[in-house]
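Work through these exercises with the sequence and the model side by side. Try each task before reading its solution.

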Amino acid sequence: PLEDKRERSTQLAKQLKVIADPTRLQLLSMISIQKEYGTRLAEFLGITTATVSHHIETLKKASLIKEEKIGTIKYFSADKEEIEKLIVELKSLMQIK
């Protein structure tokens, strides 16, 4: 039977669009291994801290990363629960077991 999945599809599409950017995907990959701060991410990727901040904000709006402030430094890590939920939703939408 057909099922109306428009609402789920819309939310999932927004998150997938966010991680479709190669820089954001690389950032997400890096901070899924260990938490990092913006300057270190920028140095590793060879981009400005402003560009990293832009991508981080986009990932935060999509609920894909967590932020932790230690002293004056903000550290970022992947929200593995949210990423797992995204994968499960995609599999469910595509009816993949």
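**Exercise 1. The hairpin**

In the hairpin of β2 and β3, which residue takes a positive phi?

Solution. The model is predicted: local features need pLDDT of at least 70, side-chain atom pairs count only at pLDDT 80 or more, and totals for chains, interfaces and linings use all residues. Residues are numbered from 1 along each chain as its sequence is written, and side-chain values use heavy atoms, with hydrogens and water left out.

Step 1. Find the two residues between the strands of this hairpin. Step 2. Step 3. Check the strand ends: I70 stands opposite I73 in β3.

**Exercise 2. The fold in outline**

Solution. Step 1. Count the elements: the chain has five helices and three strands. Both are DSSP runs numbered from the N terminus: helices are H or I with at least four residues, strands are E with at least two. Step 2. Step 3. Box the C-alpha atoms along the principal axes; they fill roughly 55 × 20 × 20 Å. Step 4. Look at sequence separation. Among contacts (heavy atoms within 4.5 Å) with a separation of 6 or more, 55% join residues 24 or more positions apart.

**Exercise 3. The sheet**

Solution. Step 1. Recall the general rule: strands of a sheet pair through backbone hydrogen bonds, either parallel or antiparallel. Here two strands pair if DSSP finds at least two bridges between them.

Step 2. Take β2 and β3. They pair over six bridges in the antiparallel sense. Among the partners, E68 is bridged to Y75 in β3, and K66 stands opposite S77 in β3.

Step 3. Take β1 and β3. They are also antiparallel, over two bridges. E36 has F76 of β3 as its bridge partner.

**Exercise 4. The core**

Which residues of the largest nonpolar core touch the most other members?

Solution. Step 1. Define the set. A nonpolar core joins buried Ala, Val, Leu, Ile, Met, Phe, Trp, Tyr and Cys residues through side-chain atoms within 4.5 Å. Buried means under 20% relative accessible area, exposed over 50%, and partly exposed in between (1.4 Å probe, protein chains only). Buried residues make up 30% of the 97 residues in the chain.

Step 1. The largest core has 19 residues, and L28, I31, L41, I56, L59, L64 and I65 touch the most others. Step 3. Trace the sources. At least two residues each come from α1 (6–19), α2 (22–33), α3 (38–45), α4 (49–61), β3 (73–78) and α5 (80–93). α2 gives the most, with four.

Step 2. Inspect one member. Not counting residues up to four places away in sequence, I31 touches E36, L41, I65, F76, S77 and A78.

**Exercise 5. Two residues compared**

Is H55 buried or exposed? Is K97 buried or exposed?

Solution. Step 1. Locate H55: helix α4. Step 2. Apply the cut-off. H55 counts as buried because its relative accessibility is 9%. Step 3. List its contacts beyond four places in sequence: D21, T23, R24 and L27.

Step 1. Locate K97: the segment after α5. Step 5. Apply the cut-off again. K97 has 95% relative accessibility, so K97 counts as exposed. Step 6. Check a distance. K97 and M30 are 67 residues apart in sequence and 28 Å apart in space, C-alpha to C-alpha.
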